[in-house]
Amino acid sequence: MGRIVAIANQKGGVGKTTTAVNLAASLADAGKRVLLIDFDPQANATNGIGLSESNGAGGIYDAMGQTKAPSDVIQDTALEGLKLIPSTPALAGAELELVDVPHRESRLKNICLVLAEQYDFILIDCPPSFGLLTVNALVAAESVLIPVQCEYYAIHGLGQLMDNINRVRRIYNKNLSIEGILLTMLDARNNLCNQVAEEIRMTFSDRVFSSVIPRNVALAEAPSYGRPVLTYNNHSAGSRAYIELAHEVLKKREVFSDHSPLAL
Ligand code: ATP
Ligand code: MG
């Protein structure tokens with residue numbers, strides 16, 4: 001049974017999609033069977049991996065609406081072992097359309113449960129808000145990976161996010177654990193950035209990944225070529241950082257193979 005990981009932070013532009021795409025690619029490169037679910041109407045992960053929801057094949061919106069079977073909306077990617085369920089702008093309507101539907105928060109969970117046997121990891125790229133889509137992702141997930149950009153408001157935002165995660169935990173998903181907080185777009189020459197990173201490590205200690213993601217131009221360029229950084233420039237610092245993160249995630253999984261949730 002695969003591990004289901006939501007990649008979430010209600011703050012925009014912190015590296016959620018970059019992390020979802022490149023961690024997924026690095027786990028696939030390590031021989032794991034990985035499914036990436038693009039759960040953001042912006043469809044950045046879908047486009048960044050060089051795909052689109054074309055010719056009516058359908059995407060996560062259709063599976064959420066139960067007009068298509070989950071297995072029918074899965075697409076192959078250029079990487080062996082990495083599959084994708086694409087997103088479309090229509091997904092933005094799902095929040096409204098599901099408003100009166102019973103168990104609307106469990107739609108994605110039901111999709112993941114159908115597919116989990118076939119994958120070692122299901123990664124869910126969340127949108128930058130804490131609406132019904134992100135709640136669905138956190139109800140479906142066993143753990144949440146939180147990318148954080150080291151800037152002045154990061155700690156404040158993290159506190160709010162932890163409160164929201166705790167709320168979801170209490171109401172819907174008591175087993176939800178923190179996969180880890182990931183420091184992204186780190187610029188070692190920037191003092192404020194270093195200070196914030198240090199503060200996050202002091203506050204959240206072992207919940208912060210040892211691996212950090214540097215600010216790296218290859219990571220920003222790769223999506224415009226429709227590729228994960230691994231196949232765009234595998235010598236780049238960005239590629240090495242996501243490979244290291246994948247190893248850390250795999251190692252943690254061995255240590256916590258009983259899936260015991262880390263304390264929030
Ligand atoms: P949103 O909240 O809109 O979904 P996000 O949290 O998914 O955004 P990304 O799209 O991953 O964030 O990143 C925001 C921008 O920063 C993108 O243009 C991306 O290419 C760039 N970026 C992300 N990580 C890095 C990095 N480590 N180095 C350089 N650029 C980066
Ligand atoms: Mg994104």
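**Close-up 1. Helix H1 and the shell around ligand 1.** The largest share of the shell around ligand 1 in this predicted model comes from H1, with 3 residues. Helix H1 (16-29) and helix H9 (217-221) each supply at least two residues of that shell; helices here are DSSP runs of H or I with at least four residues, strands are runs of E with at least two, and both are numbered from the N terminus. In total, 18 residues surround ligand 1, and the closest are Lys16, Thr17, Thr18, Pro214 and Asn216. A residue is counted as near when one of its heavy atoms lies within 4 Å. By class, the shell holds 7 nonpolar, 7 polar and 4 charged residues, where Ala, Val, Leu, Ile, Met, Phe, Trp, Tyr, Cys and Pro are nonpolar, Asp, Glu, Lys and Arg are charged, and the others, Gly among them, are polar.

**Close-up 2. Oxygen atoms of ligand 1 and the protein.** Look here for pairs of N or O atoms within 3.5 Å, the cut-off for a polar contact. An oxygen atom of ligand 1 is 2.5 Å from an N or O atom in the side chain of Thr18. Backbone atoms take part as well: an oxygen atom of ligand 1 is 2.8 Å from a polar backbone atom of Thr17, and an oxygen atom of the ligand is 3.0 Å from a polar backbone atom of Gly15. The protein covers 80% of the 620 Å² of accessible area that ligand 1 has on its own, by the Shrake-Rupley method with a 1.4 Å probe.

**Close-up 3. The largest pocket.** Ligand 1 takes up the space of the largest pocket; a molecule sits in a pocket or cavity if more than half of its atoms lie within 2 Å of its grid points. About 340 Å³ of space lies in this pocket. Its lining has 21 residues, and the closest to its centre are Gly15, Thr18, Leu219, Ala220 and Pro223. H1, helix H2 (44-48) and H9 each give two or more residues to the lining, with H1 giving the most, 4 residues. The lining divides into 11 nonpolar, 8 polar and 2 charged residues. On a 1 Å grid over the protein atoms alone, a pocket is an open set of points with protein on both sides within 12 Å along at least five of seven lines, a cavity is a set where a 1.4 Å probe fits but cannot get out, and lining residues have an atom within 4 Å of a point.

**Close-up 4. The second largest cavity.** This cavity has a volume of about 50 Å³. Among the residues lining it are Asn9, Lys11, Val148 and Glu151. The largest share of the lining, 3 residues, comes from H7.

**Notes.** Residues are numbered from 1 along each chain as written, and chains are lettered from A and ligands numbered from 1 in the order written. Local features need pLDDT of at least 70 and side-chain atom pairs pLDDT 80 or more, while totals for chains, interfaces and linings use all residues, and side-chain values use heavy atoms, without hydrogens and water.

Key: A polar contact is a pair of N or O atoms within 3.5 Å; within protein, one must be able to donate a hydrogen and the other to accept it, and residues adjacent in sequence count only if both atoms are side-chain atoms. Grid points are joined across faces, edges and corners, and a volume is the space filled by probe spheres set on the points.
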